[in-house]
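I opened this notebook to keep track of what I looked up, one entry at a time.

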Amino acid sequence: MRRFTLALLVALLAPLPALAQSLIVLESSLPNYALGAEVSADAALNLPDKSRLVLVAEDGRSVVLTGPFQGNAKSKMAAGGGGNKAFSTALASLVRSAQEETSSVGAVRAAGIGTRDEALMVNLSESGDYCVAEPAKLMITRYKHETAPKISITVVADSSEVEIAWPSGTDRTAWPIPAKVEDGARFIVSQDGKDSRTLITLVKVSGNYPTVAHEAVEMANAGCAEQARMLLALMRRQAK
């Protein structure tokens, strides 16, 4: 009996085998790997010639696989990356929702995102919450088909209004009211020749993230869906 008890105690105290990390499909040219799906790091993969699969590990770093390829994602992962299942689950949800929500004009804008600063611009063409980490660097943009020479921005809190002339030949300019960049501040945007107005709400965030993937997830958690989608687009563009 004592021997059985000792054997059982040893078995209980023995370290459990480490579970394989799950990676999230960020980009795929293969129909059997849907965007937002989970792929085990140990799973055997067989990618045909000219195929491409971009996965995001639990540490936020991307793993790019191009066919022909046979093996597992673990063999291509950077050493020492820690896992965070909660982050991975949140990223999967974001990738799936971004695929469903991106409009045609939004997709065009996403295709042109080349830097983090571009991804974080406040899009005056779309109502919504926009996260701000560095007020002094805050930029605004709009869809390219909107060409009104002047726009007006009304501060909801005090009804004050600022009118700006949009610089010709560019799709961006500096935020015109830096003193009003506060958490929860709301603004109504009107453009000449555009019947509808947009409502912009600013959300202050820390801006301290280990990877772009972590920043995208935090943007989504804060309600800043547009910026989260643009950061995903940036990740796809930068994945090599």
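**Entry 1: ground rules.** I take a salt bridge to be a side-chain nitrogen of Lys or Arg within 4 Å of a carboxyl oxygen of Asp or Glu. I note that this is a predicted model, in which local features need pLDDT of at least 70 and side-chain atom pairs count only at pLDDT 80 or more, while totals for chains, interfaces and linings use all residues. Residues are numbered from 1 along each chain as its sequence is written, and side-chain values use heavy atoms, with hydrogens and water left out.

**Entry 2: salt bridges.** I searched the whole structure and found 12 salt bridges. Side chains of opposite charge can pair when their charged atoms come close.

I looked up R52 and found that it forms a salt bridge with E27, with the closest N and O atoms 2.9 Å apart. This pair links distant parts of the chain, since R52 sits in strand β4 (residues 52–56) and E27 in strand β1 (residues 22–28), 25 residues apart. Here I use helices (H or I, at least four residues) and strands (E, at least two) as DSSP runs, numbered from the N terminus. For burial, I call a residue buried under 20% relative accessible area, exposed over 50%, and partly exposed in between (1.4 Å probe, protein chains only). R52 is partly exposed because its relative accessibility is 23%, and E27 is partly exposed at 22%.

I then looked up K74 and D42, whose side chains meet in a salt bridge at 4.0 Å, N to O. K74 lies in the loop between β6 (69–71) and α2 (85–101), and D42 in the loop between β2 (38–40) and β3 (45–47), so the pair ties together parts 32 residues apart in sequence. K74 is exposed, with a relative accessible area of 52%, whereas D42 is partly exposed at 41%.

Entry 3: Where do R229 and E226 lie, buried or exposed? Both are buried, and their side chains meet in a salt bridge (3.5 Å, N to O). Salt bridges that share partners join R109, E226 and R229 into one network. R229 and E226 are separated by about one helical turn, because they are 3 residues apart in helix α6.

**Entry 4: the disulfide.** Counting a disulfide as a pair of cysteine sulfur atoms within 2.5 Å, I found 1 disulfide. It joins C131 to C224, with S to S at 2.1 Å. C131 lies in strand β8 (residues 128–132) and C224 in the loop between α5 (212–221) and α6 (225–238), so the pair ties together parts that are 93 residues apart in sequence. The torsion about the S-S bond of C131 and C224 is about 85°, so this disulfide is right-handed. C131 is buried at 4% relative accessible area, and C224 is buried at 0%.
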